[in-house]
Amino acid sequence: METRLINIGFGNIVAANRIIAIVSPDSAPIKRIIQEARDKGILIDATYGRRTRAVVITDSGHVVLSAVQPETVAHRFTSKDAAPEQESVEQPDEDAAETPVADAE
């Protein structure tokens, strides 16, 4: 069985098969879960000092804080491409430079 890894921002990665929930940190119950995890020593802060936008809850009880939107993490979770998302730079089409452009009148 191959383990898929999910990028949760800033090069931090979580095993996809260990994720139970990806939630927003705004509600009081989630804030309570975060505080309890902090008290127990099972909180992992992967925000790099930025605002927490997503809370990832794992099957081991660990709580991971991420600065990436929950929708973004969920999209990475459900995408078929397991590789980290990379920005592609479009190369100019060599044929396009040789093709003459007709003047529009």
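Guide: At 9% relative accessibility, T58 counts as buried. Keep in mind that this model is predicted.

Visitor: Why does T58 count as buried?

Guide: Buried means under 20% relative accessible area. T58 has 9%, so T58 falls in that class.

Visitor: Where is T58 found?

Guide: T58 is part of strand β5.

Visitor: Which residues does T58 touch, leaving out those up to four places away in sequence?

Guide: They are R18, I19 and I20. There is also a polar contact: the side chains of T58 and S60 meet at 3.0 Å.

Visitor: How many salt bridges does a search of the whole structure find?

Guide: For a salt bridge, look for a side-chain nitrogen of Lys or Arg within 4 Å of a carboxyl oxygen of Asp or Glu. The search finds 1. R18 pairs with D59, and their closest N and O atoms are 2.7 Å apart. This pair links distant parts of the chain, 41 residues apart. R18 sits in the loop between β2 and β3, D59 in the loop between β5 and β6.

Visitor: Are R18 and D59 buried or partly exposed?

Guide: R18 is partly exposed, at 38% relative accessibility. D59 is partly exposed too, at 43%.

Visitor: Where does R4 lie, and what does its side chain reach?

Guide: R4 lies in the segment before β1. Its side chain reaches the backbone oxygen of F77 at 3.0 Å. R4 counts as partly exposed, with 25% relative accessibility.

Conventions: Residues are numbered from 1 along each chain as its sequence is written. This is a predicted model: local features need pLDDT of at least 70, side-chain atom pairs count only at pLDDT 80 or more; totals for chains, interfaces and linings use all residues. Side-chain values use heavy atoms; hydrogens and water are left out. Helices (H or I, at least four residues) and strands (E, at least two) are DSSP runs, numbered from the N terminus. Buried means under 20% relative accessible area, exposed over 50%, partly exposed in between (1.4 Å probe, protein chains only). A polar contact is a pair of N or O atoms within 3.5 Å; within protein, one must be able to donate a hydrogen and the other to accept it, and residues adjacent in sequence count only if both atoms are side-chain atoms. Contact means heavy atoms within 4.5 Å.
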